[in-house]
Amino acid sequence: MSFVITTPLYYVNDKPHLGSIYTTLICDTIARYKRLLGEEVIFITGVDEHGLKIQRKAKEKGILPQDHCDKISQIFLNNWKNWDITYDKFIRTSSTEHKMIVGEFYERVKNSDDIYMGVQKGWYCVGCEEFKENPENSSTLKCPIHQKNLEWKNEENLFFRLSKYQSEIEKIIDNPSFIEPKERRNEIINFVSKGLKDFSISRTNVSWGIAVPDIENHTFYVWFDALLGYVSANNIGNVDQSLESSIIAGWPANIHLIGKDILRFHSVYWPAMLLSAGMKVPKKVFGHGFLTREGQKMGKSLGNVLDPELLLSKYGKDPVRWFLIKDISLGSDGDFQNKRFVDIINNDLANTIGNLLNRTSSMSRKWFQNRVPNNENISRDDTLSSLSRITVDNYINNFNSYKIDLAATDVLNFAINTNLYLNDKQPWKLIKDEKNIPLVKEIIYNVLESTRIIGLLLLPIIPELSANIDEQLGSIYKKDILWKKQLKWGTLNHDSPLPQPIPIINKLDYE
Ligand code: MSP
C-alpha cells in the first residue's frame with residue numbers, strides 16, 4: 001500500500017504565494033521522509049482551475065479561461081521545479097482524466113439518491129467560492145478572509161444530501177486522529193453538532209466549469225469538482241481512466257495537508273461525498289496555520305505579500321525550508337520576520353551545524369593526514385553515541401506524528417550538544433601532549449560521526465545542505481542502503497579521507 005499525501009489544489013487566479021509554497025514544502029518534506037523509510041509514496045499536488053473566480057479573472061485579462069489556466073498552471077509547475085518539489089502527480093482540474101472522474105463520481109452519488117434540485121439563496125464569497133453562514137450578523141457583509149463584498153445569490157441548484165450523513169460524519173470525526181491539530185478538530189466537532197445542511201453542488205451562471213451531464217446550463221460547483229482531483233490524480237498516465245482504476249492506484253489518501261480555512265470542505269463535505277459514492281474516506285486531514293509577515297496578515301491590498309520567487313533567488317531553497325519547517329509549529333500560525341529569518345539561518349545552519357563540521361574536519365585533517373582518525377587505541381566514550389540514539393528515536397517519533405518542527409529541533413539540539421561536547425573536551429589543548437592522541441582521536445571521531453548523523457537527519461528537511469555535509473565527510477551516504485540503517489552510530493569509516501572543508505552555507509546579511 002502506498003503512502004498518499006496531498007497538497008490542496010491551488011486556485012489559478014494568481015501565481016503561487018508564500019502560503020502555497022509553505023504547504024507544498026511541508027508535504028515535500030514528509031514525502032521525502034517516507035521515501036527514506038523505504039515506503040512507496042504518492043505525492044499529489046495540482047491546480048483548481050474552474051469556478052467564478054477564475055472565470056472573472058480571465059475576463060478581466062481579456063483571455064479565454066483555458067488560456068489563462070494554461071499560463072498560470074505552467075507558472076505553478078515552474079515554481080515546483082525551482083523549489084525542487086518531489087511530487088509524483090500534478091493534477092489539473094481542466095484535464096480530461098479529471099472530468100471523467102467527476103462524471104462517474106456524480107453518477108454514483110446520484111444512484112445513492114443523494115442529489116435533488118432545490119433553490120439556493122444566500123451570500124456568496126467568490127474569493128472563497130463558498131456561501132457564508134449568517135452574514136446578516138456582520139454589519140459589513142464582507143468576507144472576513146478576503147475583505148471583499150459578499151454577493152447575493154438566488155438560483156436553482158442541484159443539492160447534495162449532506163444532512164443524511166450526520167451520524168456517520170460524527171463517527172468519523174470522533175476518531176482523534178482524523179482531524180489534527182486538536183483545536184481544529186474541536187472547531188469541526190462544534191460545527192457538525194449544530195446539524196449538517198445539504199449544500200448545492202451545481203451553478204447556473206458559471207460557464208467555466210464541468211457541465212453536469214443530465215441538466216442543461218448547470219456546471220458543477222467548483223469544490224465538488226476540485227476535491228475529486230485527489231482521486232483523479234491517480235489516473236494520470238493510466239490507460240484505464242475509470243474511477244475504479246484511480247481508486248486501485250491510490251485511494252484513500254493517508255493525509256490531506258491543507259490550510260485551516262478549508263478544513264470544513266475536507267473533513268465534513270468531502271467524507272460525506274465519498275461515503276455517498278461508496279468510497280473510503282481519507283485517513284487524516286491536517287489543518288496548518290496561516291503565515292503572516294512582520295505580524296500582519298499578508299495581502300495584495302496591504303502591499304506586503306512576500307514573493308516566494310524573490311525569497312528563493314535571494315536566499316536559496318534550504319534556508320526558506322528550514323525557517324518554515326523549524327520555526328513554525330505545524331498547525332499554528334507563523335510569522336515571517338526578516339531579522340528573525342536571518343538570525344535563525346545564521347545561528348542554526350551556519351554557526352551551530354556548519355561551523356561544527358568545518359572546524360572538526362579541519363582539526364582532523366591537520367592532525368590525522370587529511371583523514372577521519374584511525375581507530376588504533378580508541379577507547380569508548382558513549383556520550384555522543386547515546387545522545388545520537390535518543391535524538392534519532394525522538395526525531396522518528398516526532399516525524400511520524402507530523403511534529404516536524406520538533407523533529408528539526410531534535411537535530412539542532414543534537415548539534416548544540418555536540419558543540420558543547422567539543423568545547424568541553426578542548427582537543428586543541430589535548431593535542432599538545434602526545435600521550436593524549438588516542439583521546440583526541442576519539443573526540444574527533446565522535447564529533448564527525450555526530451555531524452554525519454545530523455546531515456542524514458536533515459536529508460528530508462534541507463536536502464541540499466544535507467548533501468553538502470555529506471560531501472564534506474567524503475560522500476559516504478549510500479542511496480541504495482536503507483537510510484535508517486545508516487543512522488546507526490559508528491557507520492563513519494575510520495581513516496577515510498576528508499576533503500578540503502568549505503562552508504556548507506554562507507552567512508546571510510540583514511537587508
Ligand atoms: N482551491 C482551493 C483548494 C481546493 S482543494 C481540493 C483553495 N485554493 S487556494 O489557492 O486559495 O488555497 C490553497 C491553500 O493555501 C489553502 O490551504 C490555504 O489555506 C493556503 N493559504 C492561503 N493563504 C495562506 C497563508 N497566508 N498562509 C498559509 N497558508 C495559506 O483554497
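Colleague: How many aromatic pairs does the count come to?
Modeller: This is a predicted model, in which local features need pLDDT of at least 70, side-chain atom pairs count only at pLDDT 80 or more, and totals for chains, interfaces and linings use all residues. Residues are numbered from 1 along each chain as its sequence is written, and side-chain values use heavy atoms, with hydrogens and water left out. Rings of Phe, Tyr and Trp (its six-membered ring) pair if their centres lie within 6.5 Å, and planes under 30 degrees apart count as stacked, over 60 as edge-to-face and the rest as tilted. By this rule, the count comes to 29 aromatic pairs.

Colleague: What is the angle between the planes of Tyr 116 and Phe 159?
Modeller: The rings of Tyr 116 and Phe 159 form an aromatic pair, with 5.6 Å from centre to centre. This pair is stacked, and the angle between its planes is 15°.

Colleague: How many residues apart in sequence are the parts that the pair of Tyr 116 and Phe 159 ties together?
Modeller: Helices (H or I, at least four residues) and strands (E, at least two) are DSSP runs, numbered from the N terminus. Tyr 116 lies in strand 4 (residues 115-125) and Phe 159 in strand 6 (residues 151-160), so the parts tied together by the pair are apart in sequence by 43 residues.

Colleague: What is the relative accessible area of Phe 159?
Modeller: A residue is called buried under 20% relative accessible area, exposed over 50% and partly exposed in between, using a 1.4 Å probe and protein chains only. Tyr 116 has 26% and is therefore partly exposed. Phe 159, in contrast, is buried, because its relative accessible area is 8%.

Colleague: How many residues apart are Phe 286 and Tyr 402?
Modeller: Phe 286 and Tyr 402 form an edge-to-face aromatic pair, with 6.3 Å centre to centre and 65° between the planes. This pair links distant parts of the chain, since Phe 286 is in strand 12 (residues 285-288) and Tyr 402 is in the loop between helix 14 (383-400) and helix 15 (404-425). Phe 286 is buried at 3% relative accessible area, and Tyr 402 is buried at 9%.

Colleague: In strand 6, which residue is the bridge partner of Tyr 116?
Modeller: Two strands pair if DSSP finds at least two bridges between them, and strand 4 is joined to strand 6 by ten bridges, with the strands running antiparallel. Within this pairing, the bridge partner of Tyr 116 is Phe 159.

Colleague: In what order do the four strands form an open sheet?
Modeller: Strand 6 is also joined to strand 8 by two bridges in an antiparallel arrangement, and the partner of Phe 159 in strand 8 is Ser 200. The pairing in the open sheet is antiparallel, and the four strands follow the order 5-4-6-8.

Colleague: Which residue in the turn of the hairpin has a positive phi?
Modeller: Strand 4 and strand 5 run antiparallel and are joined by three bridges, and Cys 125 stands opposite Glu 130 in strand 5. The two strands form a hairpin with four residues between them, and the residue in its turn with a positive phi, of about 55°, is Glu 129.

Colleague: How far away from Cys 69 is the nearest cysteine sulfur?
Modeller: A disulfide is a pair of cysteine sulfur atoms within 2.5 Å, and by this rule the count comes to zero disulfides. Cys 69 is in no disulfide, and the nearest cysteine sulfur, that of Cys 125, is away from it by 19 Å.

Colleague: How many of the residues of strand 2 are buried?
Modeller: Strand 2 (residues 41-48) runs parallel to strand 1 (residues 3-11), to which seven bridges join it, and its Val 41 is the bridge partner of Phe 3. On its other pairing, four bridges join strand 2 to strand 3 (residues 89-92), again in parallel. Strand 2 is largely enclosed by the rest of the structure, because the number of its eight residues that are buried is eight.
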